[in-house]
Amino acid sequence: AIHLRDHTPPAWLIDTVDLHVDLREEAATVRATLAVRRNPNAQGPNAQGPNTPGPNTQGPATALVLDGQELELLAVRVDNRLLGPDDYTLTPDRLTLTGLPDAATVEITTRTRPQDNTALEGLYKSSGNYCTQCEAEGFRKITYFLDRPDVMARYTTTIEAEQARYPVLLSNGNLTASGASATEPGRHWARWEDPWPKPCYLFALVAGSLVHIEDRFTTRSGRAVTLRIYVEPGNEAKCGHAMESLKKSMKWDEDVYGLEYDLDIFNIVAVSDFNMGAMENKSLNVFNTKYILAQPETATDTDFLGIETVVAHEYFHNWTGNRVTCRDWFQLSLKEGLTVFRDQEFSADMNSAPVKRIQDVQRLRQVQFIEDSGPTAHSVRPESYIEISNFYTPTVYEKGAEVLRLYRTLLGAAGYRKGIDLYFARHDGQAVTTDDFLAALVEANGAQVTDPLWAQFQRWYTQAGTPTVSGEGRHDAATGTYALTLRQTVPATPGQPDKLPMVIPVTLGLVGPDGRDLPLTLEGEPEGATGAGATTRTLALTAAEQTFRFTGVAQPPVPSLLRGFSAPVRLAFTQDDAALTFLMAHDSDPFNRWEAGQTLATRLILADVDARAQGGTAAPPQAYIDATAQTLARGGEDRAFAALALALPTEAYLGQQRPLVDVDGIHAARQALRRALATALNGAFLKTYDGNRTDGAFTITPEAMGRRALKNAALAYLMALDDAPARALCLAQYQGAATMTDAIAALALIADSDMAERADCLAHFADRWKGEALVMDKWFAVQALSDRPDTLERVRALLDHPSFSIRNPNKVYALVGSFAANPSKFHAADGAGYAFLADTVLTLDKLNPQVASRMVKPLARWRPYDSIRQQHARAALERIVGTAGLSRDVYEIASKSLAG
Ligand code: ARG
Ligand code: ZN
C-alpha cells in the first residue's frame, strides 16, 4: 500500500515534453523528448516519493526513476547519446537512469498496441478511433514518465496517422501546424501546443473519423472561444444540449466564481467505450457518450440533467483541478469535492434548487453512507491506498462536496467567495493539498487554521464514518424557553476505532403551532447579534453534547432540524408521527418537508417489516394516507418536488436503518405500502396522471420535466395494483410515448409485471432501438432491475445478446451493475446472485480491472446480512481473492471486505 505519510517532493522535474505519436494498425509508437532537471526542492532520503521506494538521496547519484507499464522500450537517448541495455535498469513498472547531469534531454521511444487495450486506460481504441484516459496513472501506459500530479510540464504533441481513417487529430492546447506526410503518401500529421503547464494525467490525444458541431463563447474580458463537440458520424444532431450546457457553464463560472476560460479553443470528444463519466483533460475533454448525446426520443429527462451536470463538472475542472491541481492523489477531493459542489450549485441554479438538493442527498445516502459504514470506508482525504483507481469514490466526490458546502455554510456566501479568491491568488499554477485549501478559506476570513473551530473542522478530511446526531427538545412554558439538546457520535471504521467530535453546522427553525417559523433568539444573546431574530439559523454543534436555549417561545414548537441537509450526518432526533405530518404540511424548508415524509414512510415500512417477522402485517394509519393525498392535491405547486415526495424510500436506504438487512421483509413491506396507497388513493393518482399528460412540443424546462416526473410517479402507483385499467394505461403510454422519459417509465413497469404484452413490448423496444447503444443500455437495465422471479436467468441469457458486450463499460453497468442494484434479486437467499457476480468479476478482471473493481463492490458489503447470505457472499469473495493473477483493483476491494 502507498501511504500519505511517505509523501516527498519529486527528485526530478520535467519542464517540457515533446511527444511524437505515430499511429499504425499494428502498433502505436511514441517518441517522448523530456527536458528533465534535478528538483532543487527535493529532500532525501527516498526523495523519489511513494511511487518509487528505495534508498535515494538527493545528489549527483540520484537516479531518474520513470514510471512505465505495458510498454515495449525501443530506444533511450540522453542528450542525443543512444544508451545500451547496460546503461539503464528496466522492470515491469520502471525505467531507471543513473549518472545523469543536473539537467538533461531524455528521449524515449516506446511501442504499444492500442487495439488490444481493453482496460481503457492509456492509449486505446473505441469504435475504431484512438483516444486516451490518463487519470490517475494511465500516462505511464503511453510513455515512461514521472507519473505524479506534482510534476507539471508544457506539452507539445505531434500526432501522425493515416489520413483516410483518422482525418481528425486532436490534443491539448492550440493547433500550431499540420500537413501531409513528406515521406509516406496517405498519412498526415498535426501539432498541438499547450501553453499551460500541467500534470501528465491531463494529457489527451484523439485520432479518428469524427464529425463535430461548433459554437462560440465570448468571455467577459472579450476572448472569443471556439467550442467544438466531436462525435461519430450520425450523432451530430444529438449534441445540442451538451453545447448549450457548456455555454451555460462558462457563463455561470464567470458570474458566480469570477473564473474565465483561458484558451481560444475548447474541444469535447464523445467516445462509447469509457470507464467513467468523463475526463477534464486540458482543453480536450473526453466524454462517455452517455453524457453528451441526447434527443427527446432517445434520452430521458434524467439523462438531459446528467449531461448538463457532467459537462459543467468537466468544464469547471479547468480551474478547480487544472489551473490548481493536486500535489498527490490523497488530495483527490481537493479537485473532485470542490468541482462536484460547483456542479451541484450550477445545476441547482439552472433548475429547481430544492429538487436538486433532495436528489443529491438521496444519492449521498444511497451510495456514500453505505460506503462509509462498510469495509472500504475511508476519509475524504484517504491515508493509504493499494490502487488509486479505487478511490474515485462517493466519499471523495459526494462527501467531499458536502465538506465544501460546510465551508460555505460556516463562512457565508461572501466569506466563501473571499476564500476561493485567495485560494486562486495563492495557488494558481501549483499542485497543492486540502490543507492549503483550508488555509486559504480560513485566512481570507481573518481566522487561523489553528483556531479551535478550524483545527476541529479538519476532521472532516481525516475521520471516516457518518456521524449520527441525536437529541431532544424541551419546552418550558413558564419561562418561554425551548431547550434543544443535541448529541453526536462518529462510528468506528476500519483502521479508525476511536473518533472525536466533528464541527456540525445544524441549520434549523422552530415551527409554531400556526405553521409559521418563530424568530430565533438564543438565551443571553445581545439584541442585534448576528442572526438574532432570524427564522432559520445555523448552530455549530462541536461538542459530543450541547444544549441551545431559545427564548421568547410561548408555545411548544415543532423543531425543523438540519434544514437543507446542512451536514452529511444521520439525524436520529425523535419526533412523533404528528410532528412529522405537521412538518410535511408546514415546514418552510422544502428539503425538510420532503424529509419529514421520508422519515414517516421509513417508520411505517419498518414497523411492517417487524410485524411481518412476527407473522403479521401493519397497515399505514389514515393520517399518512391523508398526508399523501395532500401531497397529490398540492402537486401542481411544484411537480418535480411532488414526484420526489411521493417516492418511497428505496430498499437500499431502508436497509441501512437496522443493523441487519431483512431483504425480503423490506421488499414486501415497501411493496405493501405502495399498494395500500394505490388502493386508498386510486382516484387521486388517476387524476394526477391525467392532469399531467404532456402532449405537444417537447421541452426540458423544469416545469415540463416536473409534469413527466409527477405523471410517471402516479403511473407507478397505479401499476402497483397491476390491475387491468392500470395495465391499459401503461401500455397506452408505452405505445404512444413521444419521449424516452415516458417510454422507459412505462416499459420498466411492464417489465416488472407479468402482463401478456410484456414480451412483445420488450421485443418491440429492442427492435426499434438496436442501432442506438445508449438506448439499448436502458433496455438491459429495466430487465436487470425487474422484480420477476426469473430475473437472474434473464440477465444470464442477455450476456449473449448481440447488443451486449462485456468489453463496453456502459453495457456492463447497465446489465450487471443494475442487477447488483436489484436488492431482492441480487441478495437472493440461495446465493445465486452473488455467485453470478463473482463469475462476471473474474471474467471482467482479465479485460478491464477498473470496471471489475466497481462491480465487486456490491458483493463486498456482505456483513449486514443474515448468516446464510453471509456464507454465500464470503464464498464468492474467497473464490475471487483465491484467483491467480488478480488485478490490484479487485484484490484491494475483495480482500478488505474479507478482513477484520
Ligand atoms: N477526473 C474525472 C472526473 O471526475 C474522473 C476520472 C476518473 N478516472 C479513473 N480512472 N478513475 O471528472
Ligand atoms: Zn471530476
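Modeller: Keep in mind that this is a predicted model. A place to begin is strand 12 (residues 152–162) and strand 15 (residues 187–199), which run antiparallel and are joined by ten bridges.

Colleague: Which residue of strand 15 stands opposite Ala153?

Modeller: Strand 12 covers residues 152–162, and its pairing with strand 15 is antiparallel. The residue of strand 15 opposite Ala153 is Lys198.

Colleague: Strand 15 also pairs with strand 14 (residues 174–180). Which residue in the turn of their hairpin has a positive phi?

Modeller: Strand 14 and strand 15 run antiparallel, with six bridges joining them. One pair there is Ala177 opposite Arg191. Six residues lie between the two strands of the hairpin, and the one in the turn with a positive phi, about 90°, is Gly186.

Colleague: Which strands stand at the edges of the open sheet of five strands?

Modeller: The order in this sheet is 17-18-19-21-20, and the pairing is mixed.

Colleague: What is the bridge partner of Ala278 in strand 21?

Modeller: Strand 20 and strand 21 (residues 284–288) run antiparallel and are joined by two bridges. The bridge partner of Ala278 in strand 21 is Phe287.

Colleague: At about what angle does helix 1 run to strand 17?

Modeller: Helix 1 (residues 240–257) lies across strand 17, strand 18 (224–231) and strand 19 (265–271). Its angle to strand 17 is about 25°.

Colleague: Is Ile265 buried, exposed or partly exposed?

Modeller: Ile265 lies in strand 19. Apart from neighbours within four places in sequence, its contacts are Asn174, Val225, Thr226 and Ser283. A residue needs 20 or more other C-beta atoms within 10 Å to be buried, and 12 or fewer make it exposed. Ile265 has 16 C-beta neighbours inside 10 Å, so it counts as partly exposed.

Colleague: Which elements give two or more residues to the shell around ligand 1?

Modeller: The shell has 13 residues, and the closest are Glu135, Met276, Met279, Ser389 and Tyr392. The elements that give two or more residues are strand 20 and helix 2 (301–316).

Colleague: How far apart are the end C-alpha atoms of helix 24?

Modeller: Helix 24 (832–847) has 16 residues, which should span 22 Å at 1.5 Å a residue. The value in the model agrees with this: 23 Å.

Colleague: Which helices do the buried residues of helix 25 pack against?

Modeller: Helix 25 (residues 849–860) has twelve residues. Twelve of the twelve are buried, so the helix is largely enclosed by the rest of the structure. Its buried residues pack against helix 22 (809–820), helix 23 (823–826), helix 24, helix 26 (867–881) and helix 27 (888–898).

Definitions and conventions:
Residues are numbered from 1 along each chain as its sequence is written. Chains are lettered from A and ligands numbered from 1 in the order in which they are written. This is a predicted model: local features need pLDDT of at least 70, side-chain atom pairs count only at pLDDT 80 or more; totals for chains, interfaces and linings use all residues. Helices (H or I, at least four residues) and strands (E, at least two) are DSSP runs, numbered from the N terminus. The expected span of a helix is 1.5 Å times one less than its number of residues. Two residues are in contact if their C-beta atoms, placed from the backbone, lie within 7 Å. Two strands pair if DSSP finds at least two bridges between them. Axes are lines fitted to C-alpha atoms, for helices over the stretch in contact, and angles run from 0 to 180 degrees between N-to-C directions. A residue is near a molecule or strand if its C-beta atom, placed from the backbone, lies within 6 Å of it.
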